[in-house]
Amino acid sequence: MAKMSQAQYRILLKTLFWAKWIHENGETLDQEEAVALDKLLHLFMKAAWKEGLDFVHSTSTDGNLALADDLQAEAFEFLANFQDDAFWEELCDRLAERDMENAIDPEELILMDEEQRQNLQDTYRQKYEGEFELYGLTFLKVLNPHWN
């Protein structure tokens with residue numbers, strides 16, 4: 001295996017940590033892939049630990065390895081930002097798709113090529129992006145009479 005720099009180890013370990021977190025919190029891999037991912041993370045943590053890098057440490061007397069708190073904090077900060085961005089993007093996409101389907105004749109939508117459809121959806125999406133950027137969910141209301 002080629003020698004990696006400390007910066008490369010940090011990036012690799014954070015990336016493997018993210019992959020493991022995503023697997024454990026939604027995106028499921030089959031059991032074999034989950035075990036392989038866990039082994040891969042531990043393999044590189046062990047290599048970093050043997051190199052004497054301070055962002056991997058041995059836990060208590062059991063000899064297990066863990067990422068240092070600061071590296072985990074960096075990884076979790078990225079994941080929190082990623083989740084937040086994904087939430088707003090998905091919300092805007094779904095609302096834009098709904099509005100477009102309500103405003104445009106279904107047969108006309110079917111006849112559109114992908115680029116036309118995407119451009120049209122983007123015009124609807126921009127309305128929500130601006131609203132949420134300025135006000136978040138403040139003015140978003142559910143009008144279903146069954147919920148009132």
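Trainee: What should I know before I start?

Mentor: The model is predicted, so local features need pLDDT of at least 70 and side-chain atom pairs count only at pLDDT 80 or more, while totals for chains, interfaces and linings use all residues. Residues are numbered from 1 along each chain as its sequence is written, and side-chain values use heavy atoms, with hydrogens and water left out.

Trainee: How do I read a pair of packed helices?

Mentor: Two packed helices are described by the angle between their axes and the distance between the axes. Axes are lines fitted to C-alpha atoms, for helices over the stretch in contact, with angles from 0 to 180 degrees between N-to-C directions. Helices here are DSSP runs (H or I, at least four residues) and strands are too (E, at least two), numbered from the N terminus.

Trainee: At what angle do helix 1 and helix 2 cross?

Mentor: Helix 1 (residues 6-24) and helix 2 (residues 31-50) cross at roughly 155 degrees, and their axes come within 10 Å. They are therefore roughly antiparallel to each other; the cut-offs are under 35 degrees for roughly parallel, over 145 for roughly antiparallel, 65 to 115 for roughly perpendicular, and oblique for the rest. The contact residues of this pair divide into 14 nonpolar, 1 polar and 2 charged. Ala, Val, Leu, Ile, Met, Phe, Trp, Tyr, Cys and Pro count as nonpolar, Asp, Glu, Lys and Arg as charged, and the others, Gly among them, as polar.

Trainee: And how are helix 3 and helix 5 arranged?

Mentor: Helix 3 (residues 69-103) and helix 5 (residues 114-135) pack at about 125 degrees, with axes 8 Å apart. That pair is therefore oblique. Its contact residues divide into 11 nonpolar, 1 polar and 10 charged.

Trainee: Is Gln121 buried or exposed?

Mentor: Gln121, in helix 5, is buried, with a relative accessible area of 10%. Buried means under 20%, exposed over 50%, and partly exposed in between (1.4 Å probe, protein chains only). Leaving aside neighbours within four places in sequence, Gln121 is in contact (heavy atoms within 4.5 Å) with Asp93, Ala96, Glu97 and Met100.

Trainee: What about nonpolar cores?

Mentor: In soluble globular proteins, nonpolar side chains tend to be buried together. A nonpolar core is a set of buried Ala, Val, Leu, Ile, Met, Phe, Trp, Tyr and Cys residues joined through side-chain atoms within 4.5 Å. The largest one here has 21 residues, and Tyr9, Leu13 and Leu67 are among those with the most contacts inside it. Helix 1, helix 2, strand 2 (64-67) and helix 3 each supply at least two of its residues. Apart from it lies another core of 6 residues, including Ala96 and Tyr124.
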